[in-house]
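Me: I have a structure open and a few things to ask about it. Can we go through them one at a time?

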Amino acid sequence: MDEELQRNLNDKKPRKLPKKMPWVLPGSCEGCGDCVNHCPRECLKMTETNAKGVFVPWILDPFLCSGCGKCADCCIMGGIVTTEYVEQAIERFLKKRPEIYSQ
Ligand code: SF4
Ligand code: SF4
């Protein structure tokens with residue numbers, strides 16, 4: 001993990017990190033938005049399109065996520081799974097779509 005990201009994690013970490021974190025698989029997503037509607041913390045937002053041209057979900061603020069897994073449970077397409085590699089998932093969320101976090 002690079003130093004800047006580690007600093008961000010340390011600065012932003014409001015509490016203990018969850019045991020699980022969603023892992024979005026854009027290629028499997030059909031853009032229905034069910035995961036967004038099922039997130040009790042309103043963490044998710046439909047963002048840019050995947051290779052099939054449909055909008056896919058991404059986490060607005062990974063530090064809000066409780067790791068409840070409701071987003072993954074409601075997805076019948078397997079577009080979101082959960083991972084126990086929480087720091088790697090946060091790193092991916094923050095790095096892959098930095099435009100979300102600069103809004
Ligand atoms: S990840 Fe699943 S539930 Fe979420 S928008 Fe894509 S297909 Fe729908
Ligand atoms: S794991 Fe729970 S809190 Fe986190 S994004 Fe999914 S539904 Fe929201």
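Me: Where is Arg41 found?
Reply: Arg41 lies in the loop between helix 2 and strand 2. Keep in mind that this is a predicted model.

Me: Is Arg41 buried, exposed or partly exposed?
Reply: Arg41 counts as partly exposed, because it has 14 C-beta neighbours inside 10 Å.

Me: And what is Arg41 in contact with?
Reply: Leaving aside neighbours within four places in sequence, Arg41 is in contact with Leu64, Cys65 and Ser66. Take Ser66: it is 25 residues from Arg41 in sequence, yet the two are 7.8 Å apart in space, C-alpha to C-alpha.

Me: Which loop has Glu42?
Reply: Glu42 is in the loop between helix 2 (34-38) and strand 2. With 11 C-beta neighbours inside 10 Å, Glu42 counts as exposed.

Me: What about the phi of Glu42?
Reply: Glu42 is not a glycine, but its phi is positive, about 50°. Most residues other than glycine have a negative phi.

Me: Let me step back. How many helices and strands are in the protein?
Reply: The protein has 5 helices and 4 strands. Along the sequence they come in the pattern α-β-α-β-β-α-β-α-α.

Me: How much of the protein is buried?
Reply: Of the 103 residues, 21% are buried.

Me: What share of the contacts join residues at least 24 apart?
Reply: That share is 69%, counted among contacts between residues at least 6 apart in sequence.

Me: Now the strands. How do strand 2 and strand 3 run?
Reply: Strand 2 (residues 44-49) and strand 3 run antiparallel, and 4 bridges join them. One pairing to look for is Thr49 with its bridge partner in strand 3, Phe55.

Me: What do strand 2 and strand 3 form?
Reply: They form a hairpin, with 5 residues between the two strands. Gly53 is in the turn and has a positive phi of about 85°.

Me: Where is Asp61?
Reply: Asp61 is in the loop between strand 3 and helix 3 (70-74). It counts as partly exposed, with 16 C-beta neighbours inside 10 Å. Leu94 is 33 residues from Asp61 along the chain, and their C-alpha atoms are separated by 8.5 Å.

Me: Which residues have the most contacts inside the largest nonpolar core?
Reply: Those are Cys35, Leu44, Ile59, Cys71 and Phe93, in a core of 18 residues. Strand 1 (21-24), strand 3 and helix 4 (86-96) each supply at least two residues of this core. Helix 4 gives the largest share, 4 residues.

Me: What does Cys35 touch?
Reply: Not counting residues up to four places away in sequence, Cys35 touches Leu44, Pro57, Cys71, Cys74, Cys75 and Ile80.

Me: Back to helix 4. Which residues in it are buried?
Reply: In helix 4, Ala89, Ile90, Phe93 and Leu94 are buried. They are on the same side of helix 4, because they cover an arc of only 125° around the axis.

Me: What is on the other side of helix 4?
Reply: Lys95 and Lys96 are there, and they are exposed.

Me: Next, the ligands. Which residues come nearest to ligand 1?
Reply: Cys29, Cys32, Cys35, Cys75 and Gly79 come nearest, out of 13 residues around ligand 1. By class, that shell has 8 nonpolar, 3 polar and 2 charged residues.

Me: How many residues surround ligand 2?
Reply: Ligand 2 is surrounded by 14 residues, and the closest are Cys39, Cys65, Cys68, Lys70 and Cys71. Its shell has 8 nonpolar, 4 polar and 2 charged residues.

Me: Last one. Is Ile76 buried or exposed?
Reply: Ile76 counts as exposed, because it has 9 C-beta neighbours inside 10 Å; the cut-off for exposed is 12 or fewer. Ile76 is in the loop between helix 3 and strand 4 (80-83). Ile76 and Cys29 are 47 residues apart in sequence and 9.4 Å apart in space, C-alpha to C-alpha.

Note on methods. Residues are numbered from 1 along each chain as its sequence is written. Chains are lettered from A and ligands numbered from 1 in the order in which they are written. This is a predicted model: local features need pLDDT of at least 70, side-chain atom pairs count only at pLDDT 80 or more; totals for chains, interfaces and linings use all residues. A residue is near a molecule or strand if its C-beta atom, placed from the backbone, lies within 6 Å of it. Ala, Val, Leu, Ile, Met, Phe, Trp, Tyr, Cys and Pro count as nonpolar, Asp, Glu, Lys and Arg as charged, and the others, Gly among them, as polar. Two strands pair if DSSP finds at least two bridges between them. A residue is buried if 20 or more other C-beta atoms lie within 10 Å of its own, exposed if 12 or fewer, and partly exposed in between; C-beta atoms are placed from the backbone. A nonpolar core is a set of buried Ala, Val, Leu, Ile, Met, Phe, Trp, Tyr and Cys residues joined through C-beta atoms within 7 Å. Two residues are in contact if their C-beta atoms, placed from the backbone, lie within 7 Å. The arc is that of the directions from the helix axis to the C-beta atoms.
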